[in-house]
Amino acid sequence: MRRPLKPWILPLCVVLPWSALHAESPPRLQQHDQALQMHRAGDPAAAADLLMELHRQYPSEQRILYDLIAALSAAGRDAEALGLRDEVGADAPAYVHEALGRAARNLRDYPLAVELYRQAGRQSTGRAEPVAGVMMSLADGLRPAEALQRFDALPADMKEHPLAVSYTHLTLPTKRIV
């Protein structure tokens with residue numbers, strides 16, 4: 001004799017396997033997401049610490065490496081960010097090269113900063129950040145005439161980018177008003 005199926009069993013057969021599958025995402029993904037939330041909330045130092053630990057545990061995870069470099073740079077830990085440069089391939093996202101460029105510029109390695117910002121620009125054409133980074137690095141590296149030439153060659157929409165305009169006016173006092 002077959003027993004009738006209880007009405008509450010069928011939903012459990014669907015819900016339990018689904019919830020177990022989704023509740024058990026790998027801890028590294030949860031921690032990575034947590035670190036990204038910290039960074040977005042304005043605490044890049046805490047994010048960098050968590051990402052550093054994750055990078056030690058999962059050194060082959062490129063996304064962790066990339067976000068670690070961005071967090072280190074944002075936290076002002078520029079030497080640490082540049083120390084990871086050898087682990088980054090040329091095909092890394094533009095934001096990684098921008099973070100490395102910012103770290104190099106902060107450490108006054110202007111030729112390296114220009115190289116890294118140019119790499120970011122090659123990967124992400126049309127964005128103002130890599131262009132502004134090159135200009136800032138040139139201006140900081142005592143090559144203001146070259147920085148000014150780059151500014152003059154910018155498309156009109158990039159000339160109005162707040163970072164490019166403000167930095168160029170602050171560091172290049174001979175700059176004519178556009």
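Which side chains meet in a salt bridge at 3.5 Å, N to O? They belong to Asp 140 and Arg 105. A salt bridge here is a side-chain nitrogen of Lys or Arg within 4 Å of a carboxyl oxygen of Asp or Glu. Asp 140 sits in helix α8 (residues 128-140) and Arg 105 in helix α6 (residues 94-106), so this pair ties together parts that are 35 residues apart in sequence. Helices are DSSP runs (H or I, at least four residues), numbered from the N terminus.

Before going on, a word about what you're looking at. This is a predicted model, where local features need pLDDT of at least 70 and side-chain atom pairs count only at pLDDT 80 or more, while totals for chains, interfaces and linings use all residues. Residues are numbered from 1 along each chain as its sequence is written, and side-chain values use heavy atoms, leaving out hydrogens and water.

Back to our pair. Arg 105 is buried, with a relative accessible area of 14%, whereas Asp 140 counts as partly exposed at 22%. Buried means under 20% relative accessible area, exposed means over 50%, and partly exposed is in between (1.4 Å probe, protein chains only).

The structure holds six salt bridges, so let's visit another couple. Asp 49 and Arg 77 join their side chains at 2.9 Å, N to O. Asp 49 lies in helix α3 (residues 44-57) and Arg 77 in the loop between α4 (62-74) and α5 (78-83), so the two tie together parts 28 residues apart in sequence. Asp 49 is partly exposed at 45% relative accessibility, and Arg 77 is partly exposed at 22%. Together with Glu 80, Asp 49 and Arg 77 are linked in a network of salt bridges.

Then there's Arg 118 with Glu 146, whose side chains meet at 3.9 Å, N to O. Here helix α7 (residues 110-123) holds Arg 118 and helix α9 (residues 144-153) holds Glu 146.

Now for how helices pack. Two packed helices are described by the angle between their axes and the distance between the axes. For α2 (residues 27-40) and α4, the axes come within 11 Å and cross at roughly 25 degrees. Axes are lines fitted to C-alpha atoms, for helices over the stretch in contact, with angles running from 0 to 180 degrees between N-to-C directions. That makes α2 roughly parallel to α4, since angles under 35 degrees count as roughly parallel, over 145 as roughly antiparallel, 65 to 115 as roughly perpendicular and the rest as oblique. In the contact (heavy atoms within 4.5 Å), the α2 residues are His 32, Leu 36 and His 39, and the α4 residues they meet include Ile 64 and Asp 67.
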